Amino acid sequence: MNDEIEHVRALVKEAASVVVLTGAGVSAESGVPTFRGAGGLWRNFRAEELATPEAFEKDPKLVWEWYAWRRELIAAVEPNPAHYALAEMEKRIQSPRSQKSQKKFTLITQNVDGLHTLAGSSNVIEMHGSIWKVRCTGCGIESVEREAFDTLPPVCACGALLRPGVVWFGESLDPDVVSASFGAAREAIVMLVVGTSSVVQPAASLGAEARSAGAYVVEVNIEPALGGPVANAALTGPAGELLPRLL
Ligand code: BJW
Ligand code: ZN
């Protein structure tokens, strides 16, 4: 394992373009539950049952209770060494010295918790939106709301229901976000895929996109999910321990 970490560390250091894709596992050590696997349930519901426009239409209060619970939980936690290591990696790769050589670093996350930004990452592509944003289902106005709502579901000044500013199953991702993410994947020399079960599309295809464009793909996960055809290497263990060792 030490040799493998050393090898990946050298590749990251030399690569002209590094792309990192993160999922719920990167926030697990902060105390944010993942979606799948142990602890991935809320009142016996799976994400697939709550994170949908149909669930919101049928029972907006229930869906908002889930989000209110998660907002409160996330507000109380802090970034962990995995988030800080990625923020530091960005700083080193984009330092004035490396800038002369035009090195690129792109952090793409599926997470809506905002912990990468809180840890100091400055350029984060949030594929699935942000749990701190809300959008009106009537007038479409979007805003950032960090305070808890007095009543659930919250209502806009226009009278329509507000919804979380996230991407649910069956909804399209922002096309700019998709093209920025896939563009970065195609340009990657090294891609780290961290803490994601790689089942939710289109994010789940980014590793394969990078690999087929020639990138060296490294999976960092307590339980590798990508498999041999996509990942060139797997670092198996907690992201909060492994990512700091890549610096
Ligand atoms: C650790 C660790 C530690 C733990 N260290 N590791 C093509 C084929 C098949 C289906 C589709 C397809 N294209 C689209 C679909 C449908 C659907 C989909 O993918 N379904 C699959 C389930 C099959 N996709 C969509 O609907 C997407 N929209 C779309 O494609 O639009 C076009 C379209 C429209 C209509 C029809 C068809 C196409 C939208 C997907 C939106 C996903 N939204 C959610 C909720 C966001 C808001 C919220 O947070 O509430 O996003 S669902 C949930 O899953 C959330 C996550 O971002 C996402 C991914 O989860 P993630 O991050 O991988 O977490 P986990 O829990 O699954 O895994 C954690 C991992 O961490 C595990 O591997 C652990 O081992 C590891 N781990 N601790 C390192 N300490
Ligand atoms: Zn409104």
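Begin by selecting methionine 191, which sits in strand β7; strands (E, at least two residues) and helices (H or I, at least four) are DSSP runs numbered from the N terminus. The model is predicted, local features need pLDDT of at least 70, side-chain atom pairs count only at pLDDT 80 or more, and totals for chains, interfaces and linings use all residues. Residues are numbered from 1 along each chain as its sequence is written, chains are lettered from A and ligands numbered from 1 in the order in which they are written, and side-chain values use heavy atoms, with hydrogens and water left out.

Methionine 191 is buried, at a relative accessible area of 0%; buried means under 20%, exposed over 50% and partly exposed in between, with a 1.4 Å probe and protein chains only. Beyond neighbours within four places in sequence, its contacts (heavy atoms within 4.5 Å) include Val19, Leu21, Tyr216 and Val218.

Next, select α1 (2–14). Its buried residues are Ile5, Val8 and Val12. Seen down the helix axis, these buried residues of α1 fall within an arc of 70°, so they line one face; the arc is that of the directions from the axis to the C-beta atoms. Among the elements covering them are β1 (17–22), α6 and β7 (190–194). On the face turned away, look for the exposed residues Asn2, Asp3, Lys13 and Glu14.

Finally, display Val12, Lys13, Arg92, Ile93 and Lys103, the residues nearest the centre of the second largest pocket, which has 13 lining residues. By class, the lining has five nonpolar, three polar and five charged residues.

Methods: On a 1 Å grid over the protein atoms alone, a cavity is a set of points where a 1.4 Å probe fits but cannot get out, and a pocket is an open set with protein on both sides within 12 Å along at least five of seven lines; lining residues have an atom within 4 Å of a point. Ala, Val, Leu, Ile, Met, Phe, Trp, Tyr, Cys and Pro count as nonpolar, Asp, Glu, Lys and Arg as charged, and the others, Gly among them, as polar.
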